[in-house]
Structures are given as structure tokens and as C-alpha cells.
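Let us take a friendly walk through one protein model, one region at a time. Keep the picture open as you read.

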Amino acid sequence: MSLKNNTMKEWAMKYAALGFAVFPLKPHNKVPATSDGFKSATTAPQQINAWWDGNPLYNIGIATGAVSRGLLVLDLDEDDKNNKHGPEEARKWLVQRKTDFPKTATVRTGRGGIHMFYYGQGRNRSNLLPGVDVRGEGGYIVAPPSIHPNGNTYKWLCPFPPPIANANGTVYDFICQTDSFGGAGGFQLRLSIPTGQRTGTLIKLIGSLKAKGLSDEAIQAAVRAENEKCCSPPLSDRELEKQVFPAIYRGWREERPYRARYSSETGSFQRCRSNSLDMAVMDKVEEKQPEWLIPGYAPRYQITSLAGDGGSGKTTVWCAIAAAVSSGSGSFLEYDAPEDWAKGKPKKVMFFSAEDSYEYTLKRRLRKNGADLSNILSIDVADKRFQDVKFNSPYLERLLDYHRPALCIFDPIQAFVPPEIRMGDRNAMRSCLAPLIGYGEKYGTSFLIVEHANKQSGVWGRKRIADSADIWDISRSVLMLGNTNEAGVRYLTHEKSNYGPLEETILFAIEDERIVFKGHTTKRDKDFVVEESFNTRQKPQRDEAVNFILDFLKDGEKEVSELDEMAKVMNISKNSLKNAKADLKHDGKIKTWSIGYGESKKYFIRLLEALPYSQ
């Protein structure tokens with residue numbers, strides 16, 4: 001299918017569908033058309049439509065790095081005026097080492113240079129060699145069919161969608177070099193590695209890549225690529241895990257207390273703490289007071305759970321909390337706090353919602369609750385990257401490290417638990433959620449996890465939290481939501497706090513998608529659940545029994561046994577009948593008495609006054 005006549009907007013949409021975050025550049029230019037440049041890059045169709053509908057001639061920019069699924073681009077420029085010939089410099093470097101880059105998607109730039117697209121990790125670097133730049137984290141490139149200021153068009157030199165390779169050791173050697181012809185560490189990988197030398201050679205490659213500061217993930221990806229390309233035959237995944245990858249973790253004990261341990265469950269090496277004999281001595285430990293994201297309700301750097309039934313307002317509540325944090329204003333939880341107490345510095349908020357669209361629902365609710373939308377970040381549920389956001393995933397940590405949000409929200413919990421973990425498995429769930437605790441202190445982030453209350457009747461507090469007791473245990477604070485008996489009034493009750501006394505229960509309403517504070521109460525979740533249980537199940541049955549008694553006695557006194565038999569015929573339970581009699585007797589509406597003794601004793605019941613049936 002020909003793409004020749006596609007508009008700039010259609011091309012931008014195609015890139016977004018591949019997971020590349022795009023943004024507009026000025027027509028026939030490389031300069032961003034937005035005030036915040038590549039930072040505004042997105043895959044959201046609504047925003048892309050708005051940009052290019054506003055100016056169909058905008059060029060297309062693609063932000064590189066994590067925002068575009070780890071896009072890493074080698075920018076080999078041709079600049080006769082400044083005597084820079086990037087493609088030739090790269091070719092010389094490769095010939096010197098008797099190697100080559102992996103085949104991948106390439107673009108002919110407007111000035112005749114080359115963009116080579118890879119998936120990998122790396123930062124922006126300029127003038128690596130004359131005419132050679134690297135576009136990675138914090139950068140962008142101009143995408144086809146944008147038009148260069150000289151009038152030439154950027155063109156794909158490969159079929160579309162482009163076949164993009166993973167960066168391997170050669171690519172990382174090239175982008176991490178410290179001089180014109182040598183890589184840091186001086187290690188050169190041979191084109192063919194025979195049996196007997198494969199493990200040792202790949203371990204040397206690990207040492208070279210570690211010297212360049214690459215992450216564990218990037219090293220593993222590069223080693224796997226080189227194994228497939230150069231080893232004859234390639235090592236199996238299990239051989240790599242058992243014999244090669246442990247080298248990534250060796251030699252760290254002086255810097256970090258970690259070692260590698262092979263897990264038979266996962267079939268791979270995992271980093272774990274070494275058995276150091278050092279222990280903390282209490283007289284050296286600094287005492288700390290808890291810090292609060294929301295005073296009393298949500299501790300900073302920890303996990304807070306927000307649970308409730310469907311329709312209780314969970315989404316609007318967390319939107320109101322996110323709005324308060326993003327704008328530095330007090331939330332409805334701090335309604336009557338002094339003004340200076342509630343005010344704070346606006347902070348970043350990151351949220352992931354698997355249940356609501358941020359375009360059609362969440363942006364509106366955030367805005368109506370006073371959010372500073374420039375401080376709120378998310379990934380759309382339709383974005384392929386959303387599936388990689390799990391509580392224990394490296395991708396989540398990369399996002400936290402890059403953006404450093406003060407608050408990160410997950411709605412609902414089930415969407416972010418890896419599929420292999422059962423929520424009812426205590427040990428598995430604790431292991432799954434545990435990384436969030438470390439991330440809190442490391443990246444300055446507090447976490448709010450949204451949960452559906454379970455469907456059990458007549459339970460409250462801990463027993464209402466999802467499907468795992470671990471969620472309650474690992475949360476430092478637990479908030480429960482529900483509806484009161486008063487129409488339109490809901491409650492938020494504080495059910496657990498590890499760092500202080502439980503705060504008062506908040507009464508609120510939702511009006512025009514905004515939280516409206518209604519007051520405080522001393523009631524807890526148990527009190528509301530018991531009331532609801534009575535009103536929804538027991539009260540209707542008791543009312544039915546009351547009406548039956550009043551109707552049965554309207555013609556005069558009756559034997560109690562006769563009333564009981566008729567109630568049984570009417571399917572009124574003994575308990576409902578007993579409670580109805582007690583209520584009527586307490587209200588002075590019926591009287592019971594007995595006549596006779598022993599076996600001849602009989603019990604009677606009558607109304608104390610004539611009562612209309614409607615009562």
C-alpha cells in the first residue's frame with residue numbers, strides 16, 4: 001500500500017500507533033512548534049489531531065528515549081560546509097573493528113545524512129565523531145516526510161512500518177566511546193566466537209559495557225544480541241542465565257550489598273542482598289518523625305490504599321487528591337485545616353488508570369477539582385506501554401526515576417499485578433508490592449492504590465479489601481469509601497494508620513464531578529456497613545412483618561399461635577416476626593397476655609388502639 005499521499009497528520013498518527021511520542025515542528029523547520037518542545041510529545045490521537053488540524057503543514061518530531069519505547073537513534077549528518085561526514089566516520093570506525101551495526105530501519109535526512117533507529121538505552125551526545133550525534137533520553141529527531149529548511153524531504157530507506165533492531169554491543173561501543181577510535185574499556189568483540197570461548201568472551205563484553213555505565217537491562221539486551229550474532233552456535237537462554245549474566249552482579253560488594261542468585265521459579269538470575277554481618281546499632285540510628293503527603297491520612301513515601309464499592313466515588317476522590325497535590329492546595333481531607341497548613345508547593349502526579357479514559361473522563365474531573373494539569377502525567381490504557389506497567393516491573397521504576405512524581409496512583413490494583421501472580425497468594429502479593437516501598441524513599445514518591453471492595457455482605461475494614469490480606473498489611477494507611485443512608489452523601493473513613501491516630505471520617509457529596517465537603521462524623525466503616533445491612537435486608541423484612549401483624553389484628557385479639565402459623569404461611573421468618581413484635585410492643589401498639597396454667601395455658605395478642613392498615 002502506498003503511503004506517498006498521506007498527510008503529515010496521518011503520518012504522525014502512524015508513528016503514535018507504533019508507540020512513538022510525536023509533537024509538531026514548525027513548517028519546513030526543525031524548531032518545535034510547542035512551548036515545551038519534545039516534552040509535550042504524546043501518542044494521544046486527540047492531541048495529535050488538535051496540533052495538525054491547527055496547522056497541517058507542521059513537520060513531525062519524535063521524542064527519543066523511554067517515552068517512545070526506548071528509541072535510540074544514531075544521527076549521521078552530512079555537512080559539507082563544516083566538513084562533517086557522519087556516515088563516513090561511522091564506516092571508518094566499523095572497518096577499524098571489523099564489525100558492523102545490526103541491520104535496522106534507516107531514514108535519509110534532508111541534508112543527505114542517515115538516521116539509524118534502534119531500541120535501547122542511552123542519553124543524547126553531540127559530536128561523538130565529526131558529524132555523529134546520538135539521540136536518546138531527552139532528545140528528538142525529525143521524522144519523514146518532514147521538509148528540511150533546504151526544501152528536501154526526510155525519507156524512509158526501508159519498508160513501513162520500519163523494522164527496528166535492538167541495540168547490541170557494537171552500537172553501545174560506538175555511542176559510549178571516549179576517543180576517536182577506541183571504546184571505553186578497549187574490548188573488541190570478534191565476528192565469530194567458537195565453542196569453548198563463548199562464555200568467556202561474553203563475560204568480557206559485560207565488563208566493557210559496565211565500564212560505560214550501561215544499566216543491567218541494557219547489558220543483558222546487548223549480550224543477547226551479540227550471542228545470536230557472533231557465537232557459533234549461540235548459547236541457550238538457560239546457559240546465558242546460569243553462566244554469563246551472573247557477571248553483571250559480581251564485584252559490587254564494596255559498593256552495593258548485592259549478589260546474584262539463580263531462581264528455579266523464574267529460570268533466571270535475580271539480584272539479592274548478600275549475607276553481610278553488619279547490623280544497625282540503635283544508638284547510631286537517627287529517629288525520624290513521619291512525613292505526610294496529606295496530613296494524617298496519607299504518609300509520604302509509603303503506600304496508601306483507597307477502597308470502596310462500585311459507585312462510591314473512588315475515581316472522583318483520587319482525582320481530587322491528585323488535583324490538590326498537583327496545585328499545592330489543600331484537599332477536601334484538610335477542609336478545616338488552617339490555610340497555611342494546607343498550602344504547599346505544586347508537585348508532579350503520575351497516574352495509571354485501566355478503567356477510565358483520561359481524554360473523555362479523567363482530564364475533565366481533574367480540571368474541575370482544581371488540578372494543575374501541567375503537573376499530571378499518565379500513559380493511556382490503549383498505549384502498548386501500559387501493559388508493561390506492573391508493580392514489580394523495571395519499566396515502572398524507569399518512569400519513576402525519570403519523572404520523580406510526588407504521588408503515583410494505580411487504579412485498580414488488579415491491572416498492575418503481573419498475570420502469573422494470584423492475588424490470594426500472600427507471599428506472592430507481598431513480593432509483588434514490596435518494590436513500591438523502596439521506590440518511595442529512592443524517588444521521593446508516595447503511592448495511592450485503588451481497590452474494589454469485595455462482595456461479601458456484612459463485613460467491614462480489613463475483610464473488605466480486595467482479595468488479599470497482604471494489601472492491608474503492606475499499606476501504611478487505608479481509606480474506605482461508601483454511601484451513607486442520607487441521599488447523595490458519601491463517607492471516607494480512615495481504617496488504618498501506622499504513623500498516628502485514625503483521623504475523623506469525612507462526609508462528602510459529588511456535585512458536577514467535584515468533591516463537596518459535608519462534615520465529619522465519628523462513625524467508622526463498620527457502622528455504615530451495619531446500617532446498610534439493616535436497611536437493605538433486615539428492615540424491609542421487619543417492616544413487612546409489622547404490617548402483617550397490624551393487618552392480622554385489625555379485627556380484634558388473636559391467639560399468638562394463630563398469628564405465628566399465619567406468618568409462617570406468608571413466608572415471614574421467625575426472626576423478622578420476633579423483631580416486629582418487639583418493635584410494636586416498644587412503641588406501645590400491641591399487648592400480649594396469657595390465660596390459664598400448665599398445658600392449658602394460652603397466649604393472646606391485640607392492638608392497643610385502632611390503627612389504620614397504612615401504618
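How many salt bridges does a search of the whole structure find? The search finds 19 salt bridges.

## The protein at a glance

Please keep in mind that this is a predicted model. The protein has 615 residues, and 48% of them count as buried. Its secondary structure comprises 16 helices and 30 strands.

The protein exposes about 31,400 Å², and carbon and sulfur atoms supply 48% of that area. Contacts also tell us about the fold: among those with a separation of 6 or more, 64% are between residues 24 or more positions apart.

Let us start with strands β1, β2 and β10. They form an open sheet of three strands, in the order β1-β2-β10, with antiparallel pairing. Strands β1 (22-25) and β10 (140-143) stand at the edges, and each has a single partner strand, so one side of each is left without a neighbour in the sheet. From one strand to the next, the twist averages 35°.

Strand β2 (residues 59-63) pairs with β10 in the antiparallel sense over four bridges. Helix α1 (residues 8-17) lies across β1, β2 and β10, and runs at about 15° to β2. Helix α2 (residues 45-54) packs on the sheet too, where it touches β1 and β2, and its direction makes about 10° with that of β1.

## A buried serine

Next, find helix α5 (residues 198-211), which holds Ser 208. Is Ser 208 buried or exposed? Ser 208 has a relative accessibility of 3%, so it counts as buried. Ser 208 and Gly 169 are 39 residues apart along the chain, and their C-alpha atoms are separated by 9.2 Å.

## Salt bridges along the chain

Now back to the salt bridges. Arg 224 forms one with Glu 241, and the closest N and O atoms are 3.0 Å apart. This pair links distant parts of the chain: Arg 224 is in helix α6 (residues 216-230) and Glu 241 is in helix α7 (residues 237-244), 17 residues apart. What about their surroundings? Arg 224 is partly exposed, with a relative accessible area of 27%, whereas Glu 241 is buried, at 10%.

Another salt bridge joins the side chains of Asp 401 and Arg 404, with 2.7 Å from N to O. Asp 401 counts as partly exposed at 37% relative accessibility, and Arg 404 counts as partly exposed at 42%. Salt bridges can also be linked to one another. Which residues are linked in a network of salt bridges? They are Arg 364, Arg 365, Lys 368, Asp 512 and Glu 513.

## A sheet held by strands β28, β29 and β30

Move on to another open sheet, where three strands follow the order β28-β30-β29 with antiparallel pairing. Strands β28 (558-559) and β29 (590-595) stand at its edges, and each has a single partner strand, so one side of each is left without a neighbour in the sheet. Strand β30 (residues 602-607) pairs with β28 in the antiparallel sense over two bridges. Within β30, Ile 605 stands opposite Lys 558.

A salt bridge can be found here too: Lys 602 forms one with Glu 559, and the closest N and O atoms are 3.8 Å apart. Lys 602 is in strand β30 and Glu 559 is in strand β28, so to speak distant parts of the chain, 43 residues apart, are linked by this pair. Lys 602 is partly exposed, with a relative accessible area of 40%, and Glu 559 is partly exposed, at 25%.

## A nonpolar patch on the surface

Our last stop is a nonpolar patch on the surface, formed by Met 566, Val 569 and Met 570. Together these residues have about 290 Å² of accessible area. Where is Met 570? Met 570 lies in the loop between α15 (560-569) and α16 (574-586). Met 570 is partly exposed, with a relative accessible area of 46%.

Methods:
Residues numbered from 1 in each chain as written. Predicted model: local features only at pLDDT ≥ 70, side-chain atom pairs only at ≥ 80, totals over all residues. Heavy atoms only, no water. Pairing = 2+ DSSP bridges. Patch = residues over 30% accessible without salt bridge, like charges linked within 9 Å, V, L, I, M, F, W, Y side chains within 5 Å. Areas by Shrake-Rupley, 256 points an atom, 1.4 Å probe, with all protein chains shown as cover. Salt bridge = Lys/Arg side-chain N within 4 Å of Asp/Glu carboxyl O. Buried < 20%, exposed > 50% of the residue type's maximum accessible area, 1.4 Å probe, protein only. Contact = heavy atoms within 4.5 Å. Axes fitted to C-alpha atoms, helices over the stretch in contact; angles between N-to-C directions.
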